[in-house]
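The following exercises concern a predicted model. Please work through each task before consulting its solution.

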Amino acid sequence: MQDVITMIDNEPRVGSKMLAEGFEVAHTSVQKMMLKYRAEMEQLGKVVESRSRAKRSSKSDLKSDLLVAGSESVEYFLNEQQATFFGQLTRNSEVSVKFKLSLT
């Protein structure tokens, strides 16, 4: 796993792709949760977005991937409070507990 923390405007942030990797879920699942709880996340600070064109790899699973090649992909970058809140929204599986500890 790459570095968990990314510095954006001198503030430590964690990206939604890193959250997906750490919790061992599809990035689209993290994106859905971000959209569902966006208003609550924004109460804890500005959610930073990075948009790019999606490219499907040969390893990508069409059934679990909502993105179509050439469509826009959004990665969200959360501050410490937002990442903590996101972690609280996830179930406490063995994998998620280990990742929550590494974030902390």
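**Exercise 1.** Which element gives the most to the lining of the second largest pocket, and with how many residues?

*Solution.* Begin with the pocket itself: the second largest pocket holds about 250 Å³ of space, and 14 residues line it. Next, consider the contributing elements: β2 (11-15), α4 and α5 (94-103) each supply at least two lining residues. Of the contributors, α4 gives the most, with five residues. Nearest the centre of this pocket lie Glu80, Ala83, Thr84, Leu103 and Thr104. Sorted by class, the lining comprises six nonpolar, five polar and three charged residues.

**Exercise 2.** Determine which residues of helix α4 (residues 80-89) are buried, and how they are arranged around the axis.

*Solution.* First, apply the cut-off: buried means under 20% relative accessible area. The residues of α4 that are buried are Gln82, Ala83, Phe86 and Gly87. They cover an arc of only 140° around the axis, and therefore lie on the same side of α4. On the other side of α4, Glu80 and Gln88 are exposed. Finally, inspect the start of α4, where a side-chain oxygen of asparagine 79 comes within 3.1 Å of the backbone nitrogen of glutamine 81.

**Exercise 3.** Describe the backbone and the exposure of aspartate 9 and asparagine 10.

*Solution.* Start from the general rule: most residues other than glycine have a negative phi. Aspartate 9, in the loop between β1 (6-8) and β2, has a positive phi of about 50°. Asparagine 10, in the loop between β1 and β2, has a positive phi of about 60°. Turning to exposure, aspartate 9 is exposed at 75% relative accessible area, and asparagine 10 is exposed at 76%.

Methods: Residues are numbered from 1 along each chain as its sequence is written. This is a predicted model: local features need pLDDT of at least 70, side-chain atom pairs count only at pLDDT 80 or more; totals for chains, interfaces and linings use all residues. Side-chain values use heavy atoms; hydrogens and water are left out. Buried means under 20% relative accessible area, exposed over 50%, partly exposed in between (1.4 Å probe, protein chains only). Helices (H or I, at least four residues) and strands (E, at least two) are DSSP runs, numbered from the N terminus. The arc is that of the directions from the helix axis to the C-beta atoms. A polar contact is a pair of N or O atoms within 3.5 Å; within protein, one must be able to donate a hydrogen and the other to accept it, and residues adjacent in sequence count only if both atoms are side-chain atoms. On a 1 Å grid over the protein atoms alone, a cavity is a set of points where a 1.4 Å probe fits but cannot get out, and a pocket is an open set with protein on both sides within 12 Å along at least five of seven lines; lining residues have an atom within 4 Å of a point. Grid points are joined across faces, edges and corners, and a volume is the space filled by probe spheres set on the points. Ala, Val, Leu, Ile, Met, Phe, Trp, Tyr, Cys and Pro count as nonpolar, Asp, Glu, Lys and Arg as charged, and the others, Gly among them, as polar.
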